[in-house]
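Please consider the structure shown here. A short report on two of its regions follows it.

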Amino acid sequence: MSLPENFLWGGATAANQCEGAYNVDGRGLANVDICPAGKDRFKVLLGHGETLEPDTEHIYPAMEGIDFYHHYKEDIRMFAEMGFKVFRMSIDWSRIYPTGMEEEPNRQGLEFYWNIFRELKKYNIEPLVTIWHGETPLYIENELLGWANRKTIELFKKYARTLFEEYKGVVHYWLTFNEINNALMFLNLLPTESAANDAQRTFTLLHHRLLASAEIVQMGHAIDPENKIGCMICYGESYPATCNPKDVIADMELKQMQQFYCSDVQVRGVYPSYSNRIWEKYGVQLDVTAEDRAVLKAGTVDFYSFSYYCTSLVTAEDTEGKEKVKGNFTAGIRNPYLEYSKWGWAIDADGLRFSLNEIYDRYGIPVMVVENGLGAADTVETDDSIHDDYRIDYLRKHITALREAINDGVDLIGYTTWGCIDEVSMVTGEMKKRYGFIYVDRDNEGSGTLKRLKKDSFYWYKKVIASNGENL
């Protein structure tokens, strides 16, 4: 079976990883701006950092990104050359409301995104807009404790309403929160004691985000009934390490918490039956009112989108002495049947087919893969060519898996690779960990000309899109 004629081929970016221009045209500081590269990065990502204002001891990659702010015309022109049907991007909250507290939006920030949408329209590229991709105004983080405070919901609704009204009829596809379940994945990456201490805060802020998601789904539909609004889940597919029932149960419990907890709420509109057991395990007391439950029920999403990079193995046994590996906010033991990237992520295209079936069987709504790609250290040859056959091989296998999933009956409507252009890595803050079809001359220290170069994968993906996935 061929892919649908109207299949949405494209690529994905995030404002905090590509835009830069952190202090330009009225933009305020965001939490991501003060997230440094290096050993202190995860302390800040997890909310344990003491760096609440920029200092001179760290490099802050998000402040400059790849300067998409001043290169968007060139970059979109190259996306169009590849044949993109859709471009996934995010809007930076602090560019629209610099502190989050203003009554009126920053007009210069709105105009910047208007310029992007006009450029996309010129090439008939559909925007897919993520409303929150980790970017919260730093003032809200410092003064209100961010999403741990219910007041942030109202500020976010004001921001979202501005976007829906401003870009009505221009943007038709929206995502509420990027990888909303990452907060739960962070818990499992922490030592047990730290996780227990962070659990109340984590589940509270997540409840507030789920409420905000439901509220703005209703709002977006009311403002424009043509809006299609989706959830976005970090899908870290996992398998039981053995056929030992205890491993199977361990894998089930991990999936319930990490994979399904958030999407069950966003798609079905209710906290799942197993949520009480999870809250009990972590000693969490959630303030879920009758009004909250009504909001969640009324604000279910139109489609399900997710990121997919790798898979992991789960065991109930003591892992002492076993080789451990990490992926995109996931961890486990090494799978002997799979190859691993230089960053230790399992390469598993079959897992993507399995995931697509698992998701569609569970929810039965249209699905999009909005992040998928291979991070690697690319080499620029003397003639400015970049031979990234390893990336082509990775994507070829995963696009084949997409086709198989469609043959299985999955209603898959789009695929946006991460990232279509090199940008700052969210996990490590590095530039040398590259995903794009387009190379950007910038290094980990922020040096470079920012020159854009086409990799071999650029020309390959162009053929894939032109053939609607037939020519791999």
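The report below treats a pair of helices and a group of strands.

This is a predicted model, in which local features need pLDDT of at least 70 and side-chain atom pairs count only at pLDDT 80 or more, while totals for chains, interfaces and linings use all residues. Residues are numbered from 1 along each chain as its sequence is written, and side-chain values use heavy atoms, leaving out hydrogens and water.

**Helix pair**

Helices (H or I, at least four residues) and strands (E, at least two) are DSSP runs, numbered from the N terminus. Helix α15 (residues 389–407) packs with helix α16 (residues 456–466) at an angle of about 25°, and their axes lie 10 Å apart. The two are therefore roughly parallel, a term for angles under 35 degrees. Their crossing is right-handed. From α15, R391, I392, L395, R396 and I399 meet D456, S457, W460, Y461 and V464 of α16, where contact means heavy atoms within 4.5 Å. Of the residues in this contact, six are nonpolar, one is polar and three are charged.

**Strand group**

Strand β4 (residues 173–177) has four of its five residues buried, so the strand is largely enclosed by the rest of the structure; buried means under 20% relative accessible area, with a 1.4 Å probe and protein chains only. The table gives the pairings of β4, where two strands pair if DSSP finds at least two bridges between them.

| Strands | Sense | Bridges |
|---|---|---|
| β3 (residues 126–132) and β4 | parallel | four bridges |
| β4 and β5 (residues 228–234) | parallel | three bridges |

W174 in β4 stands opposite V129, and the bridge partner of W174 in β5 is I229.

Technical notes
Axes fitted to C-alpha atoms, helices over the stretch in contact; angles between N-to-C directions. Parallel < 35°, antiparallel > 145°, perpendicular 65-115°, else oblique. Left-handed = near helix turned anticlockwise from the far one by under 90°. Nonpolar A, V, L, I, M, F, W, Y, C, P; charged D, E, K, R; others polar. Buried < 20%, exposed > 50% of the residue type's maximum accessible area, 1.4 Å probe, protein only.
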